[in-house]
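Good morning, and thank you for coming.

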Amino acid sequence: YEIIKPAMKPEKIDVGNVFPESPPPGFGNMTLGAVCSQYHLVIPTILRELKEKNIQAEAGHPIKEIAGNNSMEPMAVFEILHDLAKSP
């Protein structure tokens with residue numbers, strides 16, 4: 001029993017990487033790929049969802065650049081990503 005006891009512990013939920021309710025400092029300078037990686041978002045899915053919203057984006061581009069290229073504010077990109085992260 002003592003040998004298998006550690007394997008029986010429930011997994012901890014990683015609350016440190018839950019998508020935030022407001023953008024963290026430096027969010028606009030982060031690349032889309034870095035945001036997806038940090039908050040466990042699937043990059044191809046996010047890119048597809050952004051494209052469906054007529055937002056051109058690439059994983060290697062900073063959020064500020066994506067916003068500027070699409071005539072948006074970085075906060076608008078954050079809100080879209082927030083909605084995508086919260087949807088099932």
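I begin with the aromatic rings. The chain has 3 aromatic pairs, where rings of Phe, Tyr and Trp (its six-membered ring) pair if their centres lie within 6.5 Å. One of these is F19 with F78, a stacked pair with 5.4 Å from centre to centre and 25 degrees between the planes. On the angle, planes under 30 degrees apart count as stacked, over 60 as edge-to-face and the rest as tilted. F19 lies in the segment before α1 and F78 in helix α4, so this pair ties together parts that are 59 residues apart in sequence.

I should state the basis of these values. This is a predicted model, in which local features need pLDDT of at least 70 and side-chain atom pairs count only at pLDDT 80 or more, while totals for chains, interfaces and linings use all residues. Residues are numbered from 1 along each chain as its sequence is written, and side-chain values use heavy atoms, with hydrogens and water left out.

Are F19 and F78 buried or exposed? F19 is buried at 5% relative accessibility, and F78 is buried with a relative accessible area of 1%. Buried here means under 20% relative accessible area, exposed means over 50%, and partly exposed is in between, with a 1.4 Å probe and protein chains only. F19 and F78 belong to one aromatic cluster together with F27 and Y39.

F27 also lies in the segment before α1, and at 4% relative accessibility F27 counts as buried. Beyond its neighbours within four places in sequence, F27 is in contact with V35, I63, F78 and L81; contact means heavy atoms within 4.5 Å. F27 and P62 stand 35 residues apart in sequence, with 8.7 Å between their C-alpha atoms.

Let me now step back to the whole chain. The chain has 4 helices and 0 strands, and from the N terminus its elements run α-α-α-α. Helices (H or I, at least four residues) and strands (E, at least two) are DSSP runs, numbered from the N terminus. Of the 88 residues, 28% count as buried. Among contacts between residues at least 6 apart in sequence, 56% join residues at least 24 apart.

Which residues have the most contacts inside the largest nonpolar core? They are L32, V35, I46 and L81, in a core of 20 residues. Such a core is a set of buried Ala, Val, Leu, Ile, Met, Phe, Trp, Tyr and Cys residues joined through side-chain atoms within 4.5 Å. Each of α1, α2, α3 and α4 supplies at least two residues of this core, and α4 gives the most, with 5 residues. I46 touches L32, C36, L41, L81 and L84, not counting residues up to four places away in sequence. In soluble globular proteins, nonpolar side chains tend to be buried together.

The buried residues of α4 are V77, F78, I80, L81, H82 and L84, and they pack against α1 (32-38), α2 (43-52) and α3. H82 is buried at 15% relative accessibility. Leaving aside neighbours within four places in sequence, H82 is in contact with F19, P20 and E21.

Where is N70 found? N70 is in the loop between α3 (63-69) and α4 (74-86), and N70 is buried with a relative accessible area of 18%. A polar atom of the N70 side chain lies 2.7 Å from the backbone oxygen of I66. Beyond its neighbours within four places in sequence, N70 is in contact with N54, I55 and Q56.

V18, in the segment before α1, is partly exposed at 44% relative accessible area. The C-alpha atoms of V18 and K86 are separated by 9.5 Å, although these residues are 68 apart along the chain.

I close with confidence. The chain averages a pLDDT of 86, and 80% of the residues score at least 70; pLDDT is the predictor's confidence in each residue, from 0 to 100. Over residues 9-16 the pLDDT is below 50, and this stretch has 1 contact in the model beyond near neighbours in sequence. Where pLDDT is low, the predicted coordinates should not be read in detail.

Technical notes:
Polar contact = N/O pair within 3.5 Å; in protein donor to acceptor, adjacent residues only side chain to side chain.
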